[in-house]
Amino acid sequence: MKTMLNIALPKGRLGKKVYGALAKAGYPCPDLLEGNRKLTFENEAAGVRYFWVKPSDVAVYVERGATDLGIAGSDILMEYRPDVYELLDLRMGRCRMCVAGPKDFEDDHTHTLRVATKFPAIARSYYNARSREIDLIHLNGSIELAPILGLSDVIVDIVETGKTLRENGLAVLDEIVPISARLIVNKSSDKFKGAQIRRLIEQVREVVDHED
Ligand code: PRP
């Protein structure tokens with residue numbers, strides 16, 4: 001029986017782009033882009049099954065072996081540190097993890113800094129490294145609202161085009177780290193399906209190198 005590779009794709013624009021590279025690399029599954037509500041797709045001849053997963057959940061599926069492979073942003077990998085192999089930088093979905101706040105913000109070290117973020121571990125480690133005491137406010141979205149409403153002094157968040165910050169009167173105060181999509185692999189899948197996984201990675205690498 002043919003060995004199938006199960007791949008968690010992040011739902012949304014990045015997932016479609018990554019799928020484009022996988023299809024070009026020899027792992028197509030055309031019904032995947034048909035725009036219905038189906039979440040699972042299979043191309044037996046190509047030896048691949050795809051699953052549309054919420055982007056922040058991809059690493060959970062891969063770490064627990066629900067899928068062999070997945071595509072996750074390096075922001076999620078930094079935040080949750082899943083026990084997986086990170087085998088390829090796809091150089092897609094590029095953005096930056098930043099500290100942002102009001103344009104004229106000046107940090108007053110006599111007060112605890114209030115930081116709103118979706119990425120508490122990244123924010124904590126950034127400020128720990130600077131010995132800056134913070135009050136961490138964990139939000140799930142629309143982070144830019146926090147300094148506008150006085151809920152926080154600054155935010156730690158992803159900046160892609162910078163449009164959300166600009167349109168809300170905020171600016172980048174410091175860049176923490178560049179972010180991009182990574183191909184991650186479950187550790188036991190890597191042992192038991194190693195040959196198929198290496199082949200897929202080499203084929204995707206060629207496509208990505210060619211497109212870069
Ligand atoms: C992300 C991020 C910023 C925005 C940055 O939010 O949290 O708000 O994108 O993109 P830009 O620099 O191109 O404007 P997302 O769209 O994921 O929504 P969210 O508010 O639910 O986090």
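User: How do I read burial for a cysteine, and is Cys29 buried or exposed?

Analyst: Go by relative accessible area: under 20% is buried, over 50% is exposed, and partly exposed falls in between (1.4 Å probe, protein chains only). Cys29 has 1% relative accessibility, so it counts as buried. Keep in mind that this is a predicted model, where local features need pLDDT of at least 70, side-chain atom pairs count only at pLDDT 80 or more, and totals for chains, interfaces and linings use all residues. Residues are numbered from 1 along each chain as its sequence is written, and side-chain values use heavy atoms, with hydrogens and water left out.

User: How many disulfides does the structure hold?

Analyst: A disulfide is a covalent bond between the sulfur atoms of two cysteines. The cut-off here is a pair of cysteine sulfur atoms within 2.5 Å. The structure holds zero. Take Cys98: its nearest cysteine sulfur belongs to Cys95, 8.9 Å away. Cys98 is buried, with a relative accessible area of 1%.

User: What is a nonpolar core, and which residues touch the most other members of the largest one?

Analyst: In soluble globular proteins, nonpolar side chains tend to be buried together. A core is a set of buried Ala, Val, Leu, Ile, Met, Phe, Trp, Tyr and Cys residues joined through side-chain atoms within 4.5 Å. The largest has 29 residues, and Ile7, Leu9, Tyr50, Leu90 and Leu200 touch the most other members.

User: Which helix gives the most to this core?

Analyst: Helices (H or I, at least four residues) and strands (E, at least two) are DSSP runs, numbered from the N terminus. Helix 8 gives the most, six residues. Leu200 is in contact (heavy atoms within 4.5 Å) with Leu5, Ile7, Leu22, Tyr27, Leu69 and Leu183, leaving aside neighbours within four places in sequence. Another core lies apart, with 25 residues, among them Val53, Leu77, Met97 and Tyr127.

User: Where does Ala171 lie?

Analyst: Ala171 lies in strand 10, residues 170-179. Its relative accessible area is 21%, so Ala171 is partly exposed. Ala171 touches Val99, Ala100, Gly101, Lys103 and Leu165, not counting residues up to four places away in sequence.
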